[in-house]
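This report looks at a pocket and at a helix that contributes to its lining. Please have the sequence and the model at hand while reading.

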Amino acid sequence: MSVRVRRVYEPPEPDDGVRVLVDRLWPRGLAKDAARVDEWPKGLTPSTELRRWYHADEGPFEEFRERYEAELAAPEAAELLEWVRELAGKGPVTLLTASRQPDRSHAEVLARLLSE
């Protein structure tokens, strides 16, 4: 199973496979055709409350990860997570985020869960 995380602003690569945007909001200044996003499961993204809490530098990444994993246990999110896991079982999946630090973002949490 191949799952990787990339910034959505990076140009698409041939080995990206299915490109899945995992941000709730569309990235600023990016044309939809340039992003080449195949899927955009908004129900898989962190809640607005959690996102604001984390981006306000109110808590450590480990606590964000725990809270986000708890949100992913909800039925809709769990179903979407399983759907992306199935996609990854068929071929490469690239999780796309606008985050400046993808390795400390929800996309990294998703990639780790999908790789388990």
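## The largest pocket

The model is predicted. Its largest pocket has a volume of about 790 Å³. The lining is made up of 23 residues, and those nearest the centre of the pocket are Asp23, His55, Ala98, Ser99 and Arg100.

By residue type, the lining of this pocket holds eight nonpolar, seven polar and eight charged residues. Helix H2, which spans residues 48–55, gives the most to the lining, with three residues.

## Helix H2

Leu50, Trp53 and Tyr54 are the buried residues of H2. Viewed down the helix axis, these buried residues fall within an arc of 95°, so they line one face of H2. They pack against helix H3, residues 61–72.

Arg52 and His55 are exposed on the other side of H2. After the helix comes Asp57, which has a positive phi, near 60°.

## His55

His55 belongs to helix H2 and is among the residues that lie nearest the centre of the largest pocket. Is His55 buried or exposed? Its relative accessibility is 55%, and a residue counts as exposed when this value is over 50%; His55 is therefore exposed.

Along the chain, His55 and Arg36 are 19 residues apart. The C-alpha atoms of His55 and Arg36 are separated by 26 Å.

Definitions and conventions: Residues numbered from 1 in each chain as written. Predicted model: local features only at pLDDT ≥ 70, side-chain atom pairs only at ≥ 80, totals over all residues. Heavy atoms only, no water. 1 Å grid on protein atoms, 1.4 Å probe; cavity = no way out; pocket = protein on both sides within 12 Å on 5 of 7 lines; lining within 4 Å. Points joined across faces, edges and corners; volume = space filled by probe spheres on them. Helix = DSSP H or I, 4+ residues; strand = E, 2+ residues; numbered from the N terminus. Nonpolar A, V, L, I, M, F, W, Y, C, P; charged D, E, K, R; others polar. Buried < 20%, exposed > 50% of the residue type's maximum accessible area, 1.4 Å probe, protein only. Arc of directions from axis to C-beta. Contact = heavy atoms within 4.5 Å.
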